[in-house]
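Please look at the sequence and the model below before reading on. The report after them goes through a few local features.

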Number of protein chains: 2
Amino acid sequence: MTVAPDVDTTTAQDPGERRPTAAGKVLAVLDAFGPRHRTLSLSEISRRAGLTLPTAHRLVRELLSWGALERDGEGRYSVGLRLLELSALAPRGLELREAAFPYLQDLHQITRGNVHLGVRDGVEVVYVEAIRARVRNPVSSRTGDRWPMHVTGTGLVLLAFADSQLQEQVLAAPLERFSALTVVDPTELRRNLAQIRQTGVAVARGQITLPDMVVAVPVHSPRGEVIAAISVVVESADARPRELTALLTQASRAISRALDPGRRLPLRPVPRQ
Amino acid sequence: MTVAPDVDTTTAQDPGERRPTAAGKVLAVLDAFGPRHRTLSLSEISRRAGLTLPTAHRLVRELLSWGALERDGEGRYSVGLRLLELSALAPRGLELREAAFPYLQDLHQITRGNVHLGVRDGVEVVYVEAIRARVRNPVSSRTGDRWPMHVTGTGLVLLAFADSQLQEQVLAAPLERFSALTVVDPTELRRNLAQIRQTGVAVARGQITLPDMVVAVPVHSPRGEVIAAISVVVESADARPRELTALLTQASRAISRALDPGRRLPLRPVPRQ
């Protein structure tokens, strides 16, 4: 969490804390939750957020009443529905997903593979949608998941089409290895990215788990910018990359068309008061 | 938004504001966004949140750096991906959706209707998942949408199985009319709820738009509590409620089974630092 330089609302009662702003403390409470920490007690929140117990208690109560957190029967806290409602408003989140969804569903039906819709967030890719095959692949791929770009098909596409400054930033940092085949050599990765940029498709094998092959293509906005990427993951033995590329390209074009505005529907649900 | 009674962090520089807490101000910035306000300028945020421009500016900058907001090329703000990532951790949000998704997809394939997965939030129902038919119904039904309970199939089921105190609260408040058929008479609604509780299924016609029929059933937790509801919306002319009820009941049971814990997969994506 970055703290703004002109901090002016630090409270005096918490001298042990790293002088975060009041807003920073609220965000620290939310940051305490993660894939391995879906439910937390008040004291766990206090410890993980680096806040005193009274401060954590006060903030948790406000977040509860607003709906950002929920409390279960055992008094443990988890993320609440108000955040789902808010995240549905993210243009690069569920709104993009909504436009893409029917086409992702078709891809999944036809290929029986895992289908992902990813967008870049900083130096990582976040899955805005993930449709899993019934035969469960060993890798978790869920909506909201965040991965390094160099190990995922959607990430490779987004990195290939990112500006060179961002590419250099990723290539300069340590590249994490997930399997024996993960490309962690910057020179090799740079070569792969150039090829993806040239061909418009990423094909990679076993970057996360060995039996998997991924094919991924960019999704363009109506104005032609690369705003997302879609991918299909199948077992390498079954893979027909050329056919997957054709299907993905067709889906990508359909999504770009669906992203065209002015197709809003008349009746809307109640906005939250 | 409710403000906690022991407010102790009101800032002195904003005497015109309704003395919200610092946390309350952060949440007010997020509350400024809604289905009709997906992108906002800084001054719009300031006005809608009831904050001075400098306060709004400072909070927006913190929310930007944390990822709760994003800024587009024209300097307008929208909800960011960090909230999607967080909302994926909500036990009643995307986690429930994940368990339910394959069965909802099947329902959609078989019935060609709009399929909803709803949970109760206060006196309203929030769609955790909404799969729309290609032939677009005139009503918006999207993930994250919030509706009054008395006009939606999932809402009627959740209201029927809620405790009597909550039922009375809903019945005592004005019941909004969306169509000529919307049941807005508390006595009639009370009778309908008793029947839903008895039969375990809600069947309603034209509550929001006239050509529609909805069939909805509860979803039970592995411990037997009603934690959600699922529904199929089709055009009344095509509707076979008995068949839809059978399909929904089967899907509901499959979802309860999938909600059983201990099926976590070994490899996880990177948690956010």
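## Basis of the report

This is a predicted model, in which local features need pLDDT of at least 70, side-chain atom pairs count only at pLDDT 80 or more, and totals for chains, interfaces and linings use all residues. Residues are numbered from 1 along each chain as its sequence is written, chains are lettered from A and ligands numbered from 1 in the order in which they are written, and side-chain values use heavy atoms, with hydrogens and water left out.

## Strands of chain A

Helices (H or I, at least four residues) and strands (E, at least two) are DSSP runs, numbered from the N terminus. Strands pair if DSSP finds at least two bridges between them. Strand β8 of chain A covers residues 226-235. Strand β7 of chain A (residues 212-220) runs antiparallel to β8(A), and nine bridges join the two.

## Buried parts of chain A

Buried means under 20% relative accessible area, exposed over 50%, and partly exposed in between, with a 1.4 Å probe and protein chains only. Seven of the 10 residues of β8(A) are buried, so the strand is mostly covered. In helix α6 of chain A (residues 153-160), eight of eight residues are buried; among them are A:L156, A:V157 and A:L158.

A:S252 lies in helix α9 of chain A (residues 241-258). Its relative accessibility is 6%, so A:S252 counts as buried. Contact means heavy atoms within 4.5 Å. Apart from neighbours within four places in sequence, A:S252 is in contact with A:V217, A:P218, A:V219 and A:I230.

## Two packed helices in chain B

Two packed helices are described by the angle between their axes and the distance between the axes. Axes are lines fitted to C-alpha atoms, for helices over the stretch in contact, and angles run from 0 to 180 degrees between N-to-C directions. Helix α7 (residues 164-172) and helix α8 (residues 186-199) of chain B pack at about 150 degrees, with axes 10 Å apart. Therefore α7(B) and α8(B) are roughly antiparallel; angles under 35 degrees count as roughly parallel, over 145 as roughly antiparallel, 65 to 115 as roughly perpendicular and the rest as oblique.

The contact involves B:Q167, B:E168 and B:L171 of α7(B), and B:P186, B:L189, B:R190, B:L193 and B:R197 of α8(B).
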